[in-house]
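Trainee: I have a structure open and some questions about it. Can we go through them?
Mentor: Go ahead.

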2 protein chains.
Amino acid sequence: MARRKSEVAWADPTLLILGSLAAGPKHGYAIILDTKENADITLGPGTLYGALARLEERGLVRALPGQERRRPYEITAAGAALLAARLKAMRSFSAHGLARLRTARP
Amino acid sequence: MARRKSEVAWADPTLLILGSLAAGPKHGYAIILDTKENADITLGPGTLYGALARLEERGLVRALPGQERRRPYEITAAGAALLAARLKAMRSFSAHGLARLRTARP
DNA sequence: TTCAAGTACTACGGGAAACGGAGTAAGTGA
DNA sequence: TCACTTACTCCGTTTCCCGTAGTACTTGAA
């Protein structure tokens, strides 16, 4: 029940979801499996579907017609643009940070 | 007053702080200036000092003797190890995500 | 000398949302 | 029939992000 279980997170759920949807439309459960595999982070259902709903109301993802009991989502152009910007920031920050770690400390 | 002001964040404050301290010991205000410059994120005092206190009680940063009214901190070995792991995850995720964006979508 | 601006931090509280447990329900395979 | 997987909904708890306000000292220009 604890938010982020007192750990230092390297990415928030919304970014993980956008990153997963960047590969193509997926429904919620498929996103959970994808992030588990690709980011080694297991999103609980509350986290996933809550974040997904917020992303939708911000116009960053869009719900697709959906068959049976699955509710598939796809990333929008705005979502892809925002994701690209965030990923570039992450790439730059991680590169600089790792360089700092290599350089510094006796 | 809203947590993360309804935006999609690409890094949480604790990671930004560790990244800043990786370059060497700093006091709080210097961390604010550093993250503003290097990550283009302005941490408010509440965010910064709150996160710093949590990092300290988790043994990821350590308070130094400190002159005058400054309270300098340095990253611990545990903090550096955790930072390295998180930065590698970020680097991998951002690389894969950007590749996905380049490949996909009509 | 006065006053604005910068430095450096403390104290406080609201509220978004992360998180997981529990529940539901359909499908699959042994 | 039963266990397991898939796929999601609902809900309560807790974290902690974030800004505002306030304190206090220093510096420098008017």
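Trainee: How many bridges join strand E2 of chain B to E3(B)?
Mentor: Keep in mind that this is a predicted model. Three bridges join E2(B), residues 61-63, to E3(B), and the two strands run antiparallel. Val61(B) has Ile75(B) as its bridge partner in E3(B).

Trainee: And how many bridges join strand E1 of chain B to E3(B)?
Mentor: Two bridges join E1(B), residues 26-27, to E3(B), again antiparallel. Here Lys26(B) has Tyr73(B) as its bridge partner.

Trainee: Which residues of E3(B) are on the covered face, and which on the uncovered one?
Mentor: Tyr73(B) and Ile75(B) form the covered face of E3(B), which spans residues 72-75. Pro72(B) and Glu74(B) form the uncovered face.

Trainee: Different topic. How many residues does the contact take from chain A and from chain B?
Mentor: The contact takes 32 residues from chain A and 32 residues from chain B. On the chain A side, helix H1 (13-21) and helix H4 (77-103) each supply at least two residues. H4(A) gives the most, with 17 residues.

Trainee: How do the residues on that side of chain A divide into nonpolar, polar and charged?
Mentor: There are 20 nonpolar, seven polar and five charged.

Trainee: Why say the copies meet through the same surface?
Mentor: Because 100% of the interface residues of chain A are also interface residues in chain B.

Conventions: Residues numbered from 1 in each chain as written. Chains lettered and ligands numbered in written order. Predicted model: local features only at pLDDT ≥ 70, side-chain atom pairs only at ≥ 80, totals over all residues. Contact = placed C-beta atoms within 7 Å. Helix = DSSP H or I, 4+ residues; strand = E, 2+ residues; numbered from the N terminus. Nonpolar A, V, L, I, M, F, W, Y, C, P; charged D, E, K, R; others polar. Buried ≥ 20, exposed ≤ 12 C-beta atoms within 10 Å, placed from the backbone. Pairing = 2+ DSSP bridges.
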